[in-house]
Amino acid sequence: MLLNSDTQLNQNSYYEASAVRPDLQPVLQDNLSADVLVVGAGFAGLSSAIELARRGYQVVVLEADRICSGASGRNGGQAIVGYASGQEPFEQQLGRDQARLAWDMSVQAVQLIEERVKEFAIDCDWVRGYLHVADSPRKARALEADARAMERDYGFATDLATGADVQRHIHSPRYHASAYESTSGHLHPLKYGLGLARAAQKLGVRIFEKSAVLKLDRGATLKAHTAQGSVSARFGVLAGNCTLPEYGAKVAPDIADRIMPVGTYIIGTAPLDPALCQRLLPRNVAVCDNNFILDYFRFSADHRMLFGGRVSYTTRTPANLQAVMAQRMGQVFPELQGVPIDFLWGGFVDISMNRAPDFGRLGDNLYYLQGFSGHGVALTGLAGQLVAQAVAGQAERFDVFARVKHLPFPGGPLLRMPSLVLGTLYHRLRDAF
Ligand SMILES: Cc1cc2nc3c(=O)[nH]c(=O)nc-3n(C[C@H](O)[C@H](O)[C@H](O)COP(=O)(O)OP(=O)(O)OC[C@H]3O[C@@H](n4cnc5c(N)ncnc54)[C@H](O)[C@@H]3O)c2cc1C
C-alpha cells in the first residue's frame with residue numbers, strides 16, 4: 001500500500017490543481033540494462049538522475065506511482081538552509097571543520113535550486129526570503145541564541161527582531177522574536193519537480209511511472225524487479241523516502257528502521273486580496289516557527305495562504321483536520337479567521353532519529369538517500385549531486401554525511417511508533433510554553 005494513497009490526502013492538493021502533469025510515462029514492461037538504477041522519482045531521485053546523466057551515465061528511474069507524487073510534490077515549498085537536526089550531530093560527531101563543510105553545503109543546496117530554475121527554465125514561482133519565528137519568551141531566547149551562534153560560528157547573519165519590531169516582518173500577534181534571512185526561499189514544489197523530470201529526460205534519463213521496485217537483487221550487478229519487468233545496473237540509488245511500507249521491508253530492510261514516516265498537512269485558502277498578503281508578510285517570506293511540531297506557512301503566487309503543520313504518527317489522517325488547521329492559522333493571522341479553505345492535503349516525511357540526513361552505501365555499488373526529516377526541498381538536490389560525485393569516484397562530500405551515525409528507532413517495527421508518539425507528546429507539552 002502506498003502511504004500517500006490515503007484518499008483524504010490526495011483528493012485536494014493545491015499543487016496538483018495548479019500544475020500541469022504530462023501524460024503517464026511508460027510502465028516498465030521489459031528487461032533493461034543501465035549504468036545506474038534510481039528508485040524513486042522525487043526530488044532526490046530526479047536530482048541524482050540529472051547529475052549522473054550529466055556525467056555520461058545511462059540512467060533508469062523507476063517510480064512506484066507518479067513523478068513527485070510523494071513528499072516532493074506535496075510539501076510546504078520552503079527551501080531552507082541548514083538541517084532539521086541543527087548543526088549538533090555534525091559538530092559532535094565530525095568536529096568543527098566538517099560541520100562547517102556540512103553547513104556550507106546546505107547553503108549551496110539552496111543556491112542549486114536557483115541555478116536549476118534558471119538553467120532548465122523551470123517556471124515554479126521561486127522567491128527568496130525566509131523568517132524563523134518564536135511564539136513564547138522561552139522560544140524567543142532560544143531563537144536569538146541560535147541566530148547569534150550561527151553568526152559567530154558559521155558567519156551566517158540574520159536580521160533579528162524582538163517584541164513589536166517583529167511586526168516589520170509579520171503582522172501577527174503571536175510572535176515574540178523573528179530572524180529574517182534572504183538566502184532561503186520558497187517555490188511551487190510540484191512545478192519544480194516536473195521541471196526536473198523534463199530536464200532529466202532531455203539529458204537522456206528514462207523514467208518509468210507505476211513501476212514499483214518489488215525486489216532488488218544485490219551483487220556486482222544489481223537487478224530491480226517490478227511487476228512486469230526488470231532493470232540490471234552496475235550502480236543503484238535508493239531514493240524512495242518512506243512512501244511504500246514494503247519498500248523498506250523488501251528493497252532495503254537493512255536501513256528501514258532508521259527512518260519513521262510522519263504525516264504532516266497543509267491547508268490552502270481561497271485567493272486573498274494581494275494588499276492583505278502584503279500587509280501580513282511584507283517581504284513575501286516563507287515562515288516557520290521553532291517548535292518541535294512546527295507551523296510552516298507562506299503565500300502562493302496566486303495569493304493563497306498555504307498553512308502547514310500538525311503531525312500524525314499513526315499514518316492515519318487526523319480527525320477534524322481542516323477545522324483544527326484553520327483555527328491554528330486564525331491564531332497566527334486573526335484577519336484570516338473564517339476565510340474559505342479551498343485545499344487540504346498531506347504527506348509523509350521520513351524522519352531519522354537525530355533528524356540529520358541519512359546517506360550511505362550498502363555494499364560498494366548501492367547508495368541510499370533518506371532521513372531528510374522534513375527539510376528536504378533543498379537538501380535533496382544536494383544529495384543527488386553528492387551521490388553522482390560518489391558514483392564517479394569523488395566521495396569526499398558524500399562521506400561527510402555517510403560518516404554521521406544513525407540509530408534505529410527503538411522497539412523494532414511494532415514498538416517504534418508508540419515510543420515516537422510518547423517522545424512527541426513530551427515535546428508537544430514543551431511547545432506549549
Ligand atoms: C506535507 C509536507 C510538507 C513538507 N514541507 C517541507 C518544506 O516546506 N521544506 C522542506 O525542506 N521539506 C518539506 N517537506 C519534506 C520534503 O518534501 C522531503 O524531504 C523531500 O521531498 C523528500 O524527497 P525524496 O525524493 O526523498 O522523497 P519523495 O518525494 O517522497 O520521493 C520518493 C519516491 O519514491 C517512490 N518510491 C518509493 N518506493 C518505491 C519503490 N519500491 N519503487 C519505486 N518507487 C518507489 C515514491 O512513490 C516517491 O515518489 C515536506 C513534506 C511533506 C510531506
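How many residues surround the ligand, and which are the closest? There are 44 of them, and the closest are Gly40, Gly42, Gly70, Gly76 and Gly376; a residue counts as near if its C-beta atom, placed from the backbone, lies within 6 Å. Keep in mind that this is a predicted model, where local features need pLDDT of at least 70, side-chain atom pairs count only at pLDDT 80 or more, and totals for chains, interfaces and linings use all residues. Residues are numbered from 1 along each chain as its sequence is written.

**Around the ligand**
- Elements giving two or more residues to the shell include α3 (43-54), β11 (259-269) and α12 (376-391); helices (H or I, at least four residues) and strands (E, at least two) are DSSP runs, numbered from the N terminus.
- The top contributor to the shell is β15, with 4 residues.

**Nonpolar cores**
- A core here is a set of buried Ala, Val, Leu, Ile, Met, Phe, Trp, Tyr and Cys residues joined through C-beta atoms within 7 Å, and buried means 20 or more other C-beta atoms within 10 Å, with exposed at 12 or fewer and partly exposed in between.
- The largest one has 128 residues, and Val36, Leu37 and Val59 have the most contacts inside it.
- Helix α12 supplies the largest share of this core, 10 residues.
- Apart from that core lies another of 8 residues, including Ala71 and Phe348.

**Two loop residues with positive phi**
- Asp125 isn't a glycine, yet its phi is near 60 degrees; you'll find Asp125 in the loop between α5 (96-119) and β4 (127-134).
- Lys210, also not a glycine, has a positive phi of about 50 degrees and lies in the loop between β7 (206-208) and β8 (215-217).
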